[in-house]
Structure formats: C-alpha cells, structure tokens
Amino acid sequence: ILWGYGAYGTIVRENYFNEFNISNNLFVQRGVVLVHAYVRGGGEKGEAWHQAGMKETKPNSWKDFIACAEYLIKNKYTQSSKLSCFGGSAGGTLSGRAITERPDLFAAAVCGVPLLDMVRFHKFLIARYWIPEYGDPDKKEDFDYILTYSPYHKIPNTSLPAMMVTAGENDVRVDPLHAKKFVAALQNNPSQKQPVLLYMEFDSGHGSGKSIQQQIDDIAFKWRFVMYNLGMK
C-alpha cells in the first residue's frame with residue numbers, strides 16, 4: 001500500500017493518517033508492505049522541496065509518487081496487480097492524478113476527500129486561500145498549467161483501477177463536488193471496467209468529528225475494499 005500527501009510544505013509522518021496507524025498490524029500480519037512516499041510539495045526535505053512541487057511544478061508530486069510505485073515493482077516488493085495507492089485531501093489530488101496518469105501501476109485506490117477539479121477549486125468554500133499553493137485558475141498563465149494536470153480533466157480513455165472516492169457532506173475545506181464529479185465521470189466512461197465507488201459520509205466533514213464507532217466502520221469499509229481488490233483474505 002503506497003500513500004502520500006505532498007502539499008503546503010507539510011511534514012507528514014507515518015501516523016498522520018489514523019487509518020494507517022491503526023491498521024498497520026492488520027496489514028503487516030497479512031504480508032502487506034506499507035510505503036509512505038515523501039514527494040515534492042511536502043516539507044520533509046525543507047522549503048525547496050516544497051517549492052519543487054507547487055504551482056507550475058506541481059506535477060513533480062505525482063512524478064515522485066509514480067517513481068516510488070515503479071521502484072517497488074522493479075525491486076519485487078510487489079507487482080501492479082497487488083499495489084494500492086491512498087491519499088487524502090491534497091493527497092487525494094496526488095493519488096487521483098497518479099492513477100489517471102499511470103493506471104497500469106495500480107490494482108486499487110482510495111481517494112479521500114480529494115481536490116480533483118483543479119480549474120474550479122478556488123470557487124468553493126475556503127479554497128481561495130490555496131491559490132498561493134496551486135495558482136489562480138482565473139489567470140490565463142496559471143489556468144494553462146493547471147489544466148494540464150487537473151485529475152478530473154485528465155481521465156484517460158481506458159479503465160482505471162478499482163477505486164473508492166470518499167467525501168464528507170459537511171466538509172468545510174474541500175467541497176464534496178470534487179468527489180461526486182470525478183466518480184460520475186468515471187462511472188459514465190465507456191472504457192471503465194473496474195468498480196468506482198463514491199462513499200459519502202453524511203455525519204462528518206473533512207475527516208474530523210467522527211465518533212469512535214464511525215472511525216471503526218470507515219476504516220473497516222475502506223480496507224475491506226482494498227483487500228478484496230488486491231485478492232487478500
């Protein structure tokens with residue numbers, strides 16, 4: 001399972017996503033290799049590392065992510081039929097673009113509360129505050145490079161891996177329209193053969209505010225989906 005974030009200069013440690021922290025033992029006992037990709041756009045190697053994955057250099061984030069996937073396959077940690085990717089929030093942009101760029105590398109993906117329609121991201125909720133990170137789509141020079149990588153606009157004419165896209169109906173950070181539009185486009189893509197599911201959480205927002213039972217149910221649901229599509233028991 002390959003996961004990453006890669007935005008805002010954030011230094012993301014292994015326990016950032018609770019799903020992985022809680023589920024490590026579950027997966028390791030079943031022979032799973034868990035990989036955290038420190039991609040450009042994050043802050044793990046300083047501010048220069050961040051700036052090398054923002055605005056017009058944003059594609060470096062998924063280039064690094066894809067390179068990690070290729071490394072894992074080349075060095076026989078896994079194979080594409082056994083590899084899943086995960087990302088949430090800005091990491092949803094990362095995983096969403098990685099699988100639209102290289103669907104051949106993955107068997108399954110979980111794309112959590114993602115930003116996917118990048119040419120309109122700034123028009124909803126508080127996303128205008130992220131213009132310094134991604135650029136301003138209302139400016140032609142920024143729009144031109146954003147359109148070249150916006151996951152919603154780069155859906156290929158082929159079948160993507162099995163996918164679960166999650167969104168929170170009460171999300172005040174990332175509008176659920178991103179997940180809804182992306183899933184609708186994939187489900188109506190004549191080339192799509194693998195299942196693409198939209199998992200709406202109506203009692204929470206951007207991954208916060210959940211009860212313990214909700215967290216348990218969400219984790220179990222996501223990872224059962226991943227395990228099934230990786231052929232795990």
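Lysine 140 is exposed, with a relative accessible area of 60%, where exposed means over 50%, buried under 20% and partly exposed in between (1.4 Å probe, protein chains only). The model is a predicted one, in which local features need pLDDT of at least 70 and side-chain atom pairs count only at pLDDT 80 or more, while totals for chains, interfaces and linings use all residues. Residues are numbered from 1 along each chain as its sequence is written, and side-chain values use heavy atoms, with hydrogens and water left out.

**Exercise 1. Find the salt-bridge partner of lysine 140 and state where the two residues lie.**

Step 1. A salt bridge is a side-chain nitrogen of Lys or Arg within 4 Å of a carboxyl oxygen of Asp or Glu; lysine 140 meets this rule with aspartate 144, the closest N and O atoms being 2.7 Å apart.

Step 2. Both residues belong to helix H6 (residues 140-147), and because they are four residues apart there, about one helical turn separates them. Helices (H or I, at least four residues) and strands (E, at least two) are DSSP runs, numbered from the N terminus.

Step 3. Aspartate 144 is partly exposed, its relative accessible area being 36%.

**Exercise 2. Determine which parts of the chain are tied together by the salt bridge between arginine 102 and glutamate 70.**

Step 1. The side chains of arginine 102 and glutamate 70 meet at 2.7 Å, N to O.

Step 2. Arginine 102 sits in the loop between helix H4 (90-101) and strand E4 (108-112), whereas glutamate 70 sits in helix H3 (residues 59-74), so the pair ties together parts that are 32 residues apart in sequence.

Step 3. Arginine 102 is partly exposed at 24% relative accessible area, and glutamate 70 is partly exposed at 35%.
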